[in-house]
Amino acid sequence: MVSTTKQGIRATEAVRSRREEYAEATHEALVDSASACFFESGFAATSLDHVAQRARVTKGAIYHHFTSKRELFLAVLERQQEHSVGSVTLAGASGSDAWTGIVAAIDAFLDTISDPVYQRLCWVEGPSALGFEEWWSCGERYEIEVIRRLLQRAADAGVLAVDDLDMLAHVLFGAVSAGVLGMVRSHEPTIERQRFRTVMLAVMAGLVRRDRTVRDRISSQGP
């Protein structure tokens, strides 16, 4: 009797596991499909029928995972942000010191925003699909903490000239957002990217305490 009960439990768990795996696979397929559709056609022109057809599922499967096209777009946006944050965090942590970490993080972010898919989904379609307030809040949720960690490392090393790291992180987030929007709208993105890099590194260099060691480091690794 005990053995039969255990077998029943294992069978139930196996069925549940297969269902969970199928649900996760369907969720990922929908986000993949929606990402491609939103990139190619834009949020407004993309229909859920089109997303379902591309993902090879029924439209009902979309509503099983998402309540609306807007919620589906938010999932697409959040995945893009997670990828960006992961790349920037890894690059920032790889620096041998606070300054090289900052430089590496800025370069990793520039690589991310140079991707046409990321540009369109996050910076072109995002504000119109979600509205400015929610779009901005989404960026803050993912990016403020990354900026804050980079600043904290510099503060811990004793080379940061500003004590209010929370406010500084928000100010830099605003500056970075403005720079990205400039890149996205530019007809010469390569030139705009270099201008953005030069200015951001100059801004960060201005926040660093300028003892001789730091000056030498900035001169060798900076803009």
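Me: How much space lies in the largest cavity?
Reply: About 320 Å³. A cavity is a set of points, on a 1 Å grid over the protein atoms alone, where a 1.4 Å probe fits but cannot get out. Volume is the space filled by probe spheres set on the points, with grid points joined across faces, edges and corners. The model is predicted: local features need pLDDT of at least 70, side-chain atom pairs pLDDT 80 or more, while totals for chains, interfaces and linings use all residues. Residues are numbered from 1 along each chain as its sequence is written, and side-chain values use heavy atoms, without hydrogens and water.

Me: How many cavities of 30 Å³ or more does a search of the whole structure find?
Reply: Three.

Me: Which residues lie nearest the centre of the largest one?
Reply: Lining residues have an atom within 4 Å of a point. Here there are 17, with Val88, Ile106, Ile147, Leu150 and Val176 nearest the centre. Two or more residues come from each of α4 (69–94), α5 (98–113), α7 (132–156), α8 (165–185) and α9 (189–206). Helices are DSSP runs of H or I, at least four residues, numbered from the N terminus. α7 gives the most, five residues.

Me: How does that lining divide by class?
Reply: Ala, Val, Leu, Ile, Met, Phe, Trp, Tyr, Cys and Pro count as nonpolar; Asp, Glu, Lys and Arg as charged; the others, Gly among them, as polar. This lining has 15 nonpolar, one polar and one charged.

Me: What lines the second largest cavity?
Reply: Gln81, Trp123, Trp135, Trp136, Gly139, Glu143, Phe173 and Ser177. Its volume is about 60 Å³. α7 gives the largest share, four residues. By class, the lining has four nonpolar, three polar and one charged.

Methods. 1 Å grid on protein atoms, 1.4 Å probe; cavity = no way out; pocket = protein on both sides within 12 Å on 5 of 7 lines; lining within 4 Å.
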